[in-house]
Amino acid sequence: MQVDIYDFDKTAVPYDSALKYWNWCLLHRPYLIIIVPFQFICSLLAFLRIIPIPVYKRVCFRFVRLLNTKKTVKQFWDKRQKDVYPFFLPENRNADRKCVLISASPNFLIEEIAARLKVDYCISSPHDERSGKLLGNVCRRDEKVKRFRELLPDAEVCDVYSDSIKHDKYIFSLGKRRFLAKKGTLKEINCDFN
């Protein structure tokens with residue numbers, strides 16, 4: 001089976017969808033202001049590398065305990081689906097290959113938009129949608145390749161799309177062709193990732 005792999009945040013949309021969702025929830029559910037100081041401290045600790053990103057992600061999505069997650073995610077994508085870059089729309093992808101979306105964002109957020117955009121396989125960071133708790137490893141860097149190979153061990157990767165060579169060199173190494181996505185514009189790159 002032939003597949004194309006797409007990163008999502010800052011590749012298929014112009015922002016980090018988890019951060020955008022948090023901001024949207026804060027705007028539409030003002031009572032969340034009570035947890036902003038805690039979120040700020042955790043973000044600062046992660047930024048300063050005092051706590052690692054996986055620990056940060058284990059904590060930062062706990063705010064969904066205060067929400068109807070399914071409902072707010074649908075409302076969020078109802079407003080933000082228009083932000084998806086044209087190259088990632090189903091009609092603009094290669095119809096002869098399966099589409100694999102791989103994202104570090106929480107599965108409860110990414111799976112909704114993946115279904116709307118007719119993505120064949122969605123791989124993301126596993127979170128409990130009721131508690132926000134991270135249930136496994138954050139799907140980033142080499143974890144993306146591990147999770148991809150667990151799901152599709154024999155898939156032949158044709159094209160890979162991402163906004164970051166540094167963070168996604170692991171998935172770039174799988175593709176025959178690699179495209180750097182910046183603000184909705186694609187540029188084929190020829191780097192040795194082995």
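Trainee: Which residue forms a salt bridge with Arg97?

Mentor: Quick caveat: this is a predicted model, where local features need pLDDT of at least 70, side-chain atom pairs count only at pLDDT 80 or more, and totals for chains, interfaces and linings use all residues. Residues are numbered from 1 along each chain as its sequence is written, and side-chain values use heavy atoms, leaving out hydrogens and water. A salt bridge here is a side-chain nitrogen of Lys or Arg within 4 Å of a carboxyl oxygen of Asp or Glu. For Arg97 the closest N and O atoms are 2.8 Å apart, and the partner is Asp4.

Trainee: Are Lys82 and Asp83 buried or exposed?

Mentor: Buried means under 20% relative accessible area, exposed over 50%, and partly exposed in between (1.4 Å probe, protein chains only). Lys82 has 61% relative accessibility, so it counts as exposed. Asp83 has a relative accessible area of 14%, so Asp83 is buried.

Trainee: Which residues of helix 3 are buried, and why do they line one face?

Mentor: Helices (H or I, at least four residues) and strands (E, at least two) are DSSP runs, numbered from the N terminus. Helix 3 covers residues 53-60, with Tyr56, Lys57 and Cys60 buried. Seen down the helix 3 axis, taking directions from the axis to the C-beta atoms, these buried residues line one face because they fall within an arc of 95 degrees.
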